[in-house]
Amino acid sequence: MNVINKQYLVNEEIREREVRLIDSDGTQLGIMPTKKALEIAEEKQLDLVLIAPQAKPPVCKIMDYGKFIYEQQKKEKEAKKKQKTITVKEIRITPNIDEHDLNVKAKNAEKFLKDGDKVKVTVKFRGREAEHSHLGEDVLKRFAEKLSEVGVIEKQPKLEGKNMIMILTPKK
């Protein structure tokens, strides 16, 4: 079931005394009492829709309200199709990761970047490892070098608590 959004006032819902009326073909019919505007709309078997309530006097248009709402929904759907949602994928590594493991993680990150996602690389320090944060930074720099063909560093490596975080984005 589709719900019609009630952002527009229609026919008897309009409580203004006078309105500026626009015909269904776009010609202005001038300022007139709401009752007269309603009569004109009923003669044409269309709806009177309040399209600009903040104007002085408010602007009403004679149109087929159902068709108008349908067109609006179609436009919204089309706009949603075109917009790309960016997701952030996270990859966790340790400061003393082996070279092969780093290559495997880099290969996964490369897939994410090629799909257009951002990659958040986190080095997790345990215990006294945090005292040697330069090791984590070196690992992140190596990781970024492996992905230099497909991604660029958006946020440089930064220590946040017991984690060091770096964010990579796909190259344009």
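This is a predicted model: local features need pLDDT of at least 70, side-chain atom pairs count only at pLDDT 80 or more; totals for chains, interfaces and linings use all residues.
Helices here are DSSP runs of H or I with at least four residues, numbered from the N terminus.

**Stop 1: T34.** Select T34, which sits in helix α1. Its relative accessibility is 7%, and because buried means under 20%, T34 counts as buried. Show its surroundings next: leaving aside residues up to four places away in sequence, T34 touches I14, E16, R17, E18, V19 and L48.

**Stop 2: E43.** Stay on helix α1, which covers residues 34–43, and select E43. Is E43 buried or exposed? E43 counts as exposed, because its relative accessibility is 66% and the exposed class begins over 50%.

**Stop 3: T169.** Move to strand β9, residues 163–170, and select T169. With a relative accessibility of 13%, T169 counts as buried, since the limit for that class is under 20%. Which residues does T169 touch, not counting those up to four places away in sequence? Display L113, K118, V150, G151, V152 and E154 to see the contacts of T169.

Technical notes. Residues are numbered from 1 along each chain as its sequence is written. Side-chain values use heavy atoms; hydrogens and water are left out. Helices (H or I, at least four residues) and strands (E, at least two) are DSSP runs, numbered from the N terminus. Buried means under 20% relative accessible area, exposed over 50%, partly exposed in between (1.4 Å probe, protein chains only). Contact means heavy atoms within 4.5 Å.
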